[in-house]
Amino acid sequence: MKKNVILVFLFLLSLNGVFAQTKEYRMEFKSGKELQKFLTYSKKSYPLVSAHRGGPTVGFPENCTPTFANTIQYNPAIIETDIALSKDSVLVMMHDDKLDRTTTGTGLIGNYTYKELQEFYLEDTQGNPTPYKIETLDEVLQWGKGKVIYTLDVKRGVPMQKVIDAVRRNKAEAYSVIITYNANQAAEVARLAPDLMISVSARGKEDVERMEALGVKAEKMVAFVGTSDPKPEVYAYLHSRSIACILGTMGNIDKSAAANGDGLYYQLIANGATVLSSDRSKEAGIQLAKYAKDNKLRSKHIKEVVVKK
């Protein structure tokens with residue numbers, strides 16, 4: 001009898017493993033126009049965290065889909081992710097020029113073909129090897145549909161046209177934003193893909209007007225305003241143009257929040273930011289969810305989904 005009870009207990013445990021569930025916070029847009037409307041600033045804009053490099057943590061490396069999936073278990077997220085180029089011109093997900101910091105490999109990523117890169121494993125934030133390997137942009141874009149918004153950071157030497165071609169190939173226009181760092185880069189994206197949303201570096205009227213003169217439309221802009229809280233007049237001008245603002249908290253602001261309290265993230269949204277790009281996406285996300293609840297902000301594009309593991 002005792003043996004039968006043990007067997008039943010083990011069977012129930014196995015069922016629990018098979019049917020284990022978790023939840024994900026997903027975002028879905030049917031078209032680029034829907035994404036544009038969502039990212040256009042208004043007083044009802046839903047505040048979002050942007051997980052810097054996808055939200056790496058212990059067990060989960062930078063720039064790979066298992067990490068992205070872990071991130072959206074806690075809050076809806078924009079996923080900021082980095083694109084590099086292999087020796088044989090495959091678009092792969094990597095921040096650094098070298099493999100040493102984030103993988104079991106060494107040397108320049110551009111010295112390896114994609115096949116050769118598959119010999120290495122990604123390492124987590126503690127430098128521990130994980131089961132995960134370097135992914136392609138195609139794989140990442142395919143995974144993200146109906147789950148996240150991507151902000152795609154195109155590293156130096158990567159042709160912008162190749163990235164745009166990948167977005168087209170994967171029909172990812174409805175959830176992809178291209179990151180640019182200056183007016184000329186923004187103009188290049190606007191020329192190559194006038195329908196895509198662009199993350200631009202803008203701290204006010206002069207920056208916006210310079211890009212407009214080069215053919216970048218304000219309605220396609222999401223403004224990265226830097227890594228320190230800008231003056232109120234910066235937010236006032238950008239909001240007057242219906243341009244949402246991304247504030248980079250990675251670095252000093254994240255450190256300040258960790259030391260002095262996560263309520264800082266709440267205040268930064270109240271000050272005028274719409275998106276916080278953070279290395280502490282879970283903690284920031286909790287405060288942004290509180291801000292949204294307190295201000296009765298909702299979006300039909302954000303859903304909580306139960307996922308079987």
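In this predicted model, Thr 103 sits in the loop between β4 (91-93) and α4 (114-117). Thr 103 has a relative accessible area of 2%. Buried means under 20%, so Thr 103 counts as buried. The side chain of Thr 103 has polar neighbours in the backbone. A polar atom of this side chain lies 2.9 Å from the backbone oxygen of Leu 99. The backbone nitrogen of Gly 105 also lies 2.9 Å from a polar atom of the Thr 103 side chain.

Charged pairs were examined next. The structure holds 16 salt bridges. One of them joins Glu 304 and Lys 23. Their closest N and O atoms are 3.7 Å apart. Glu 304 belongs to strand β11 (residues 302-308), and Lys 23 belongs to strand β1 (residues 21-27). The pair therefore ties together parts that are 281 residues apart in sequence. Lys 23 has a relative accessible area of 36%. This value falls between 20% and 50%, so Lys 23 is partly exposed.

A salt bridge also forms between the side chains of Asp 82 and Lys 155, with an N to O distance of 3.8 Å. Asp 82 is part of strand β3 (residues 77-85). Lys 155 is in the loop between β5 (149-154) and α6 (160-169). Because of these positions, the pair ties together parts that are 73 residues apart in sequence. Asp 82 and Lys 155 are both buried.

Glu 212 and Arg 241 make a further salt bridge. Here the closest N and O atoms are 2.6 Å apart. Glu 212 lies in helix α8 (residues 205-213). Arg 241 is found in the loop between α9 (232-240) and β9 (245-248).

How values were computed:
Residues numbered from 1 in each chain as written. Predicted model: local features only at pLDDT ≥ 70, side-chain atom pairs only at ≥ 80, totals over all residues. Heavy atoms only, no water. Salt bridge = Lys/Arg side-chain N within 4 Å of Asp/Glu carboxyl O. Helix = DSSP H or I, 4+ residues; strand = E, 2+ residues; numbered from the N terminus. Buried < 20%, exposed > 50% of the residue type's maximum accessible area, 1.4 Å probe, protein only. Polar contact = N/O pair within 3.5 Å; in protein donor to acceptor, adjacent residues only side chain to side chain.
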